[in-house]
Amino acid sequence: MLGIERRQQIMEHLLQDNKVYVGSLSKIFKVTEETIRRDLEKLENEGLLQRSHGGAVLKEPTGEDFSFAKRAAVNCPFKQNLAEKAKFLINDGDTIMVDSSTTALTLMHLLVNKKNITIITNSIKLLNDFADANFKMISCGGDLRTHSCALVGTAACRALTRYYVDFTVISCKGIDREKGIMESNEAESHIKQQMIRQAKSKLLLVDHTKFDKIAFTKTMDFNEIDYIVTDQEPDALWVSFLRKQNVKLIY
């Protein structure tokens, strides 16, 4: 196989999974890991991907801010998988702050049979979808960010300070061991920061495509999170890193 053909197929794998590993590609294409690293370097120089330790991720603009509809349509099996794992953390009678992420919304659908759950949220989609559910629903109010079906701004943050909850459930745009937990826009980043301050336990939901991914603005450090729930086991470096940060990893 010619190098250009191999690199085209590497991009096909990357577009399908959002992430590739040097070791796996070496076995797939029956070439050395050094050859794969050179392929990834060439693709990175073309602006098609971003290399990370042991592999590469699909390159996206750090400020890319997809609409709610588009986010709801991608990675659905991954979100469902991790939500199934996260649901066991929530008990009857819990109070929960929930952000406007589609991943958190997926989890809420699995909690509808829980009893006496109170949800405080900035998501108008969540408020609408569960209007007839048994949840006690509280909206934080604020300015409507139509693009993401989210309420944001000073009024929203101020309203959140009135409540103290058992859990805060959020997602994010990307996580990186050096840069922390990141979001695509500052307005929603500020909401997540305030939600984290109000909770006894902080739960971050991230599917495997968010690992080693850089986004526009830093939201928080890992030591501000208690749990990370994801859909598959991260690599050994991530497992070791999160253990040192005292973050409970569930996959």
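I began with a definition: a nonpolar core is a set of buried Ala, Val, Leu, Ile, Met, Phe, Trp, Tyr and Cys residues joined through side-chain atoms within 4.5 Å. Buried means under 20% relative accessible area, exposed over 50%, and partly exposed in between, with a 1.4 Å probe and protein chains only.

I noted that this is a predicted model, in which local features need pLDDT of at least 70 and side-chain atom pairs count only at pLDDT 80 or more, while totals for chains, interfaces and linings use all residues. Residues are numbered from 1 along each chain as its sequence is written, and side-chain values use heavy atoms, with hydrogens and water left out.

**Entry 1: the cores**

I looked up the largest nonpolar core, which has 31 residues. Ile175, Ile181, Leu204, Phe222, Ile225 and Ile228 touch the most other members. For the elements I used DSSP runs, numbered from the N terminus: helices (H or I, at least four residues) and strands (E, at least two). At least two residues of this core come from each of strand S8 (150–152), helix H8 (154–160), strand S9 (165–170), helix H9 (186–197), strand S12 (199–205) and helix H10 (236–244). H8 gives the most, with four residues.

I then took contact to mean heavy atoms within 4.5 Å. Leaving out residues up to four places away in sequence, Ile225 touches Ile181, Ile196, Lys202, Leu204, Met220 and Val247. I also found a second, separate core of 23 residues, including Leu89, Ile90, Phe135 and Val169.

**Entry 2: a sheet**

I recorded an open sheet of three strands in the order S1-S3-S2, with antiparallel pairing; two strands pair if DSSP finds at least two bridges between them. Strand S1 (19–21) and strand S2 (49–52) each have a single partner strand, so one side of each lacks a neighbour in the sheet. S1 and strand S3 (residues 55–58) pair over three bridges. Tyr21 has Gly55 in S3 as its bridge partner.

Angles run from 0 to 180 degrees between N-to-C directions, and axes are lines fitted to C-alpha atoms, for helices over the stretch in contact. Helix H2 (residues 22–29) packs on the sheet, touching S1 and S3, and its direction makes about 70° with that of S1. Helix H3 (residues 33–45) touches S1, S2 and S3, and its direction makes about 140° with that of S2.

**Entry 3: the cysteines**

Cys140 is buried, with a relative accessible area of 7%. The sulfur of Cys149 is 14 Å from its closest cysteine sulfur, in Cys140, also too far for a bond.

Definitions and conventions. Disulfide = S-S within 2.5 Å.
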